[in-house]
Amino acid sequence: MERLLLVIDFLLAHKMIFSVLIISFIFLLRHFMVKHIRGDIAFLTEDQRKWISRTKNGSFSFLLIILFILWQSEINEFALSVTAIAVAIVVASKEIILCFTGSIQRASSRSFRIGDWIEVGSLSGEVIEHNMMATVIQEIDLHHGQYDYTGKTATLPNSMFFTYPVKNLNFMKRYVYHKFFICVRDFVNLYPMLPELLHKIDVHSEEFIDVARRYNSVIEKHAGVDLPGSEPHIHITTTSMGEQKVYYMIFCPTEKASHLEQLIRQDFMEAYEKRFPKEEKDNL
């Protein structure tokens, strides 16, 4: 018992050594806990990512509390000694403060959680980790209509949440309003083709349209707004160059969006070629 007290007195007298031991112990414990949660699987589940994030954030918070208690007297003395340069410290640590407050803002507003799809500025992806300083996302290619992972991981400082709006795209993980257009060079009457094109979209959508309608209704109730609906939409506009653009919007499973787009483009080209044969177009 006396030896234990001697060891404790020694560690309290040499706080730097004690701090190193505490940091090493907590990081080692966190490493084993994360390794246990991760297991031997190749791909992490959403629950595993949540528990890993909680473990990392919890251990970091616990470490800060322990070190603050241990160095409380020195911190008080330091705070009194730097009162005169407090403004300079705040200015120098502006980004760090913004990251902390951004994390508080995210937690209080519940704008997203691990597993959600978000868009911040020009970056979009699935949230795989967040802590007091940054949010890590697995980037997703949303701007080219592919909805596939790019293989890139982006780390967003939480200060970005004050600069850019955070868009939660979580419902797009299952179904998405997929939009694209087909450009037609010749100025011809395309409207008689629309009923046939809409019918073919309905044929392609038979296997999921019932689920899509129910899911669309759930989204409307959750968001409290009147969404465009689950039915396909086609409208035609013209450009300043006299070309016609046929705009499509379909509500479909996210993983099928790119494939459906290719089928619809094929249907349009076949219908266009059938209605306006090459010989007829040459005479226009």
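**Notebook: a helix pair and a cavity**

I started with helix H8 (residues 194–204) and helix H10 (residues 257–275), whose axes come within 10 Å and cross at roughly 150°. Axes here are lines fitted to C-alpha atoms, for helices over the stretch in contact, with angles from 0 to 180 degrees between N-to-C directions. Helices are DSSP runs (H or I, at least four residues), numbered from the N terminus. That angle makes H8 roughly antiparallel to H10 (the term covers angles over 145 degrees).

I noted that this is a predicted model, where local features need pLDDT of at least 70, side-chain atom pairs count only at pLDDT 80 or more, and totals for chains, interfaces and linings use all residues. Residues are numbered from 1 along each chain as its sequence is written, and side-chain values use heavy atoms, with hydrogens and water left out.

Next I looked up who touches whom (contact means heavy atoms within 4.5 Å). H8 brings Glu196, Leu197, Lys200, Ile201 and His204, while H10 brings Leu260, Leu263, Ile264, Asp267, Phe268 and Ala271. I sorted these contact residues into seven nonpolar, one polar and three charged (Ala, Val, Leu, Ile, Met, Phe, Trp, Tyr, Cys and Pro are nonpolar; Asp, Glu, Lys and Arg charged; the others, Gly among them, polar).

Then I went looking for holes. How many cavities of 30 Å³ or more does the structure hold? I found one. A cavity is a set of points on a 1 Å grid over the protein atoms alone where a 1.4 Å probe fits but cannot get out, and lining residues have an atom within 4 Å of a point. Ile26, Phe27, Arg30, Ser59, Phe60 and Leu63 line the largest cavity. Helix H2 (15–38) and helix H3 (46–70) each give two or more residues to that lining.

Notes:
Parallel < 35°, antiparallel > 145°, perpendicular 65-115°, else oblique. 1 Å grid on protein atoms, 1.4 Å probe; cavity = no way out; pocket = protein on both sides within 12 Å on 5 of 7 lines; lining within 4 Å. Points joined across faces, edges and corners; volume = space filled by probe spheres on them.
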